[in-house]
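Reader: I would like to learn how to read a few local features of a model, beginning with a pair of helices. Could you take me through them one at a time?

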Amino acid sequence: MEKVGKKLAVLVGCNYENTRYRLHGCHNDVLAMRDVLVNRFGFDSQHIELLMDKSGCPVMPTGANIKKALNKMVDEAEQGDVLYFHFSGHGTLTGKKNQEEAIVALDFNYITNVDIRKIVNRVPEGATFTILSDSCHSGGLIDKEREQIGPSRHNNNYISVPNKSESASKSHYYKSKFIPHETILEHLASLTNINTSDIGTHMLQLFGNEASLLFSLPNQVELDLLKPLKQDEGILLSGCQANEECQDVGGVENENQAYGAFSHAILIVLEKNCGPLINKELVLKSRDVLKNVEHVETQHPCLYCSDENAQALFLSQG
């Protein structure tokens with residue numbers, strides 16, 4: 001086994017406070033993961049950057065700030081380093097045919113699969129970059145990454161139930177971590193006062209150079225140039241498939257008990273398995289956790305990475 005170098009992390013929890021898209025568990029997700037990174041995986045707390053839309057947090061999870069933190073982490077990386085990005089918040093689909101996955105920052109700027117691919121392409125050879133995205137439509141968030149567990153390589157033999165954006169049971173409140181593309185388009189148009197259904201126009205007007213490459217690159221040829229430049233070290237653990245939604249659970253009565261279903265499942269698996277886990281095993285075990293949870297059993301976590309990294313230890317725990 002190669003010697004492990006520095007361990008660096010960017011953790012983003014976005015509850016979209018004071019908006020109608022409010023979630024409850026995203027802060028709890030990343031705070032809990034921070035503790036696990038330090039206590040189990042040996043991360044130095046000084047090497048973990050935390051972005052939350054919470055009073056007292058010095059850095060808000062805007063699109064520009066998230067990309068700045070990710071690029072800074074990659075800039076500092078060297079061979080043997082372990083990089084980790086955890087996002088808990090809303091996701092959506094965008095692009096000409098609504099087939100491009102994106103996470104939604106606090107300011108409603110998109111970080112798309114194209115942006116993530118560009119960042120992954122910059123990771124030094126011999127370093128690993130693991131992304132855990134607890135957001136809707138997160139399957140495929142690293143553009144053109146190889147599917148290891150997902151709709152075409154793993155059977156989803158779970159009971160199908162109606163998918164609703166919000167629901168409640170006797171003990172929990174559930175909310176989908178999804179904002180429809182059309183809703184965001186309407187919101188952005190109210191800010192730009194530009195009469196167009198092209199969301200890229202609004203993004204570029206509001207965010208300029210901080211808008212997604214998906215909107216600033218002029219044609220598909222240039223987007224195709226962002227294919228993997230080598231056998232890359234990008235590893236994506238997504239909370240659901242590209243056509244599915246992740247759930248935010250609880251928080252109406254006590255926000256301290258709210259959580260993202262996928263983040264919570266990962267934490268449960270890690271707590272029950274003290275020894276090292278390979279990436280593929282971790283995702284399969286998280287599926288087993290979720291298939292027994294009411295309102296969440298249609299959420300299927302996925303794994304996208306190289307064949308070698310599917311068998312590699314999660315966060316290189318030895």
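Author: α8 passes α9 in a right-handed crossing, where right-handed is said if the near helix is turned clockwise from the far one by less than a right angle, and left-handed if anticlockwise. Helices (H or I, at least four residues) and strands (E, at least two) are DSSP runs, numbered from the N terminus. The model is a predicted one, in which local features need pLDDT of at least 70 and side-chain atom pairs count only at pLDDT 80 or more, while totals for chains, interfaces and linings use all residues. Residues are numbered from 1 along each chain as its sequence is written, and side-chain values use heavy atoms, with hydrogens and water left out.

Reader: At what angle do helix α8 and helix α9 pack, and how far apart are their axes?

Author: Two packed helices are described by the angle between their axes and the distance between the axes. Helix α8 (residues 261-272) and helix α9 (residues 279-290) pack at about 115°, and their axes are 9 Å apart; the axes are lines fitted to C-alpha atoms over the stretch in contact, with angles running from 0 to 180 degrees between N-to-C directions. That angle makes α8 roughly perpendicular to α9, a term that covers 65 to 115 degrees, whereas under 35 counts as roughly parallel, over 145 as roughly antiparallel and the rest as oblique.

Reader: Which residues make the contact?

Author: With contact meaning heavy atoms within 4.5 Å, α8 contributes Ala 261, Phe 262, Ala 265, Ile 266, Ile 268, Val 269 and Leu 270, and α9 contributes Leu 282, Lys 285, Ser 286, Val 289 and Leu 290.

Reader: Which residues of α8 are buried?

Author: Buried means under 20% relative accessible area, exposed over 50%, and partly exposed in between (1.4 Å probe, protein chains only). In α8 the buried residues are Ala 261, Phe 262, Ser 263, Ala 265, Ile 266, Leu 267, Val 269 and Leu 270.

Reader: Is Leu 315 buried or exposed?

Author: Leu 315, in the segment after α10 (307-310), is buried, because its relative accessible area is 2%. Its phi is near 55°, a positive value in a residue other than glycine. Lys 144 likewise has a positive phi, near 65°, and it lies in the loop between β7 (128-134) and β8 (147-149), but Lys 144 counts as partly exposed at 41% relative accessibility.

Reader: Which residues does Asp 232 touch?

Author: Leaving out residues up to four places away in sequence, Asp 232 touches Arg 117, Val 120, Glu 145, Ser 306 and Asn 309. Asp 232 is buried, with a relative accessible area of 5%.
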